[in-house]
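Colleague: I would like to learn how to read this structure. Please take me through some of its features.

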Amino acid sequence: MNLSSMGDMMITSLWVVLLLMITPSPATGFYLPGVAPRDFQKGETLEVKVNKLSSTKTQLPYDYYSLSYCKPPQIKNRAENLGEVLRGDRIENSVYSFMMREPESCKVAGRVKLTEESAKDFKKRIKDDYRVHMILDNLPVAVLWQIKGGSSRKIYERGFRVGFKGKFAGSNDQRYFIYNHLNFKVKYHPDPDADTSRVVGFEVNPLSINHHYKQWNENKTKLSTCMPNSPTVLQPGMLPQEIDGGKEIVFTYDVSFESSDIRWASRWDTYLLMNDDQIHWFSIVNSLMIVLFLSGMVAMIMIRTLYRDIAKYNQLEQEEVQEETGWKLVHADVFRPPMNYSLLCVYVGTGLQVFGMTFVTMIFALLGFLSPSNRGGLMTVMVFLWVFMGLFAGYSSGYLYKIFKGKDWKKISLKTAVMFPSILFLIFLVLNALIWGEKSSGAVPFGTMFALVLLWFGISLPLVFLGSFLGFRTPALEDPVKTNKIPRPIPPQPWYIHPLFAMLFGGILPYGAVFVELFFILTSVWLNQFYYIFGFLFLVFIILMVTCAEITVVLCYFQLCNEDYRWWWRSYLTSGSSAIYLFLYAIFYFCTKLEITKLVSAILYFGYMFIIAYTFFILTGTIGFCACFWFVRKIYSSVKID
């Protein structure tokens, strides 16, 4: 392949990116629900399940029954997948149940007498702004809010608060009140032919009511604070239910049913609506401008500068070439193995493993298989893809190790299989111990930890060894030029070629291509929101790859022109340094968007963000290295070397 065709390839790839930009995003299009629809007959039982208590202030989930709520006679756990356990989901049955299309009001769920300790727990959860999460037919409960400013648009807020803080008239004492009455609304889509209905919406309006009754009867208690035949609303003079030791709390609920035109396949749309579509398009346009700028530079280097250099080098006599300066003068050193090349092989293999996991996960997400209705599905798929991508990690590290003429492929296989996962696992163990110390349901049980270790050593490690064996057996690429035994001295370098400057400059452009989308990802992770705009995310990922490849190639060319042949590690660190900016943004996001005041929660945030940044470093660094590896081999195979 000559340089002219290389330039054509760059222009073609740019047109492909442009075509992707103007194609309608699949973010709001194709959607496959995670479960099969269920038809309910009139009068059929609808069971409400409870999930967990969560707070954006602490980032520590707790089991619903960790507070003194009314409990059913027997608590049953629903079967959970690996992703649900890792996310801290604990789905259990509850005392709330309805009959399809049969409204009820002032239904007594039970009563609880608070002890001093249980009252303290309630107050603590209210102070930390915890929310209760419930599920009906796999739909999460939500509170409906009207957007202010005269807009008719409404938004859903997942879950409802445990309670609130307030003051009585004439008192300055801060008191705590619990939401003990729930006004449920179930939206259903009827099927007139079969006389059945499907649940398409689940809303709640929580109230705090200090209930009164004359005599308690488990099933026939009559309350004087709500009417049995009308939906409960706060009447003038009704007092909220205060939380204090020794107080008795009566839990009640209403349920109403509303026919809806929403079809079952579209029932998640209201949860997934994003308020900032224009910002996403701004992100795409911003990233596209970066790609256009870099593509112009690369096209100029490929078509004009390199083509002219190669034509000149191929026409000049050898004596004249010796007097020239430029990238050809380092041809005898450019393929010299770098220092710690075995570690570079490990990082490249791990990076391709991360790339394969990320790319395939996004394809599944684009097809709708990882929708939020498939709770925990995204994390489960990522774990298993990581395990099975070990084959590619082993192959690439073993193959690159052979190119460097390494001998001990077993040692490189073990490093590839163990190094990156062990760092992540060590951090995960420390964070899990902190979560366990807080008695949070987010702590991963011992059995799940054992299953993760079994996946690691039982499947991933053997696949890495198999891949490394195959890669080491594959005939290695021959270098386009021979390498001298004695390294060529490197002349003094200008300031803009300094490794630190190259890293800082090379990392900011890939980060600039993704920083807007990064905001929405962090919001979904840390502020308890859904993220399902994988169409935008996939486009940003493609732009990220192109940006990493192009900026690394440009800086590598400048480095070689200044007769510095140490490009191996530099190419990896140039694009990989974008992870530094990602972590700096994580610090900025923590200070400006989050309200975390607890030390353990802050440690959890920065621990997980370090894992994300480290993984991002390996991913972007590997993309830059692979692009540079291809570029260097192409340009040195295009000139005549005597």
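What follows is a dialogue on helix packing, cysteines and contacts.

Modeller: This is a predicted model, in which local features need pLDDT of at least 70, side-chain atom pairs count only at pLDDT 80 or more, and totals for chains, interfaces and linings use all residues. Residues are numbered from 1 along each chain as its sequence is written, and side-chain values use heavy atoms, with hydrogens and water left out.

Colleague: How many helices and strands are there in the protein chain?

Modeller: Helices (H or I, at least four residues) and strands (E, at least two) are DSSP runs, numbered from the N terminus. The protein chain has 16 helices and 15 strands.

Colleague: What share of the residues is buried?

Modeller: Buried means under 20% relative accessible area, exposed means over 50%, and partly exposed lies in between (1.4 Å probe, protein chains only). Of the 642 residues in the protein chain, 52% are buried.

Colleague: How is a pair of packed helices described?

Modeller: Two packed helices are described by the angle between their axes and the distance between the axes. Axes are lines fitted to C-alpha atoms, for helices over the stretch in contact, and angles run from 0 to 180 degrees between N-to-C directions. Take helix H12 (residues 499-526) and helix H15 (residues 578-592): their axes come within 8 Å and cross at roughly 40°. H12 is therefore oblique to H15; angles under 35 degrees count as roughly parallel, over 145 as roughly antiparallel, 65 to 115 as roughly perpendicular and the rest as oblique.

Colleague: Is the crossing of H12 and H15 left-handed or right-handed?

Modeller: A crossing is left-handed if the near helix is turned anticlockwise from the far one by less than a right angle, and right-handed if clockwise. The crossing of H12 and H15 is right-handed.

Colleague: Which residues in H12 and H15 meet?

Modeller: Contact means heavy atoms within 4.5 Å. On the H12 side the residues include Leu-504, Tyr-511 and Phe-519, and on the H15 side they include Tyr-581 and Tyr-585. By class, this contact of H12 with H15 has 11 nonpolar, 3 polar and no charged residues. Ala, Val, Leu, Ile, Met, Phe, Trp, Tyr, Cys and Pro count as nonpolar, Asp, Glu, Lys and Arg as charged, and the others, Gly among them, as polar.

Colleague: At what angle do H12 and H16 pack?

Modeller: H12 and helix H16 (residues 599-636) pack at about 140°, with axes 13 Å apart, which makes H12 oblique to H16. This crossing is right-handed. Val-514, Leu-522 and Trp-526 in H12 meet H16 residues, among them Tyr-608 and Phe-616. The contact of H12 with H16 has 8 nonpolar residues, no polar and no charged ones.

Colleague: How many disulfides does the structure hold?

Modeller: A disulfide is a pair of cysteine sulfur atoms within 2.5 Å. The structure holds 0 disulfides. For Cys-561, the nearest cysteine sulfur is that of Cys-556, 9.4 Å away. Cys-561 is partly exposed, because its relative accessible area is 24%, whereas Cys-70 is buried at 9%.

Colleague: Where does Gln-559 lie?

Modeller: Gln-559 lies in helix H13 (residues 534-561). With 2% relative accessibility, Gln-559 counts as buried. His-498 is 61 residues away along the chain, yet the C-alpha atoms of Gln-559 and His-498 are separated by 9.1 Å. Beyond its neighbours within four places in sequence, Gln-559 contacts residues including Ile-497, Tyr-565 and Trp-567.
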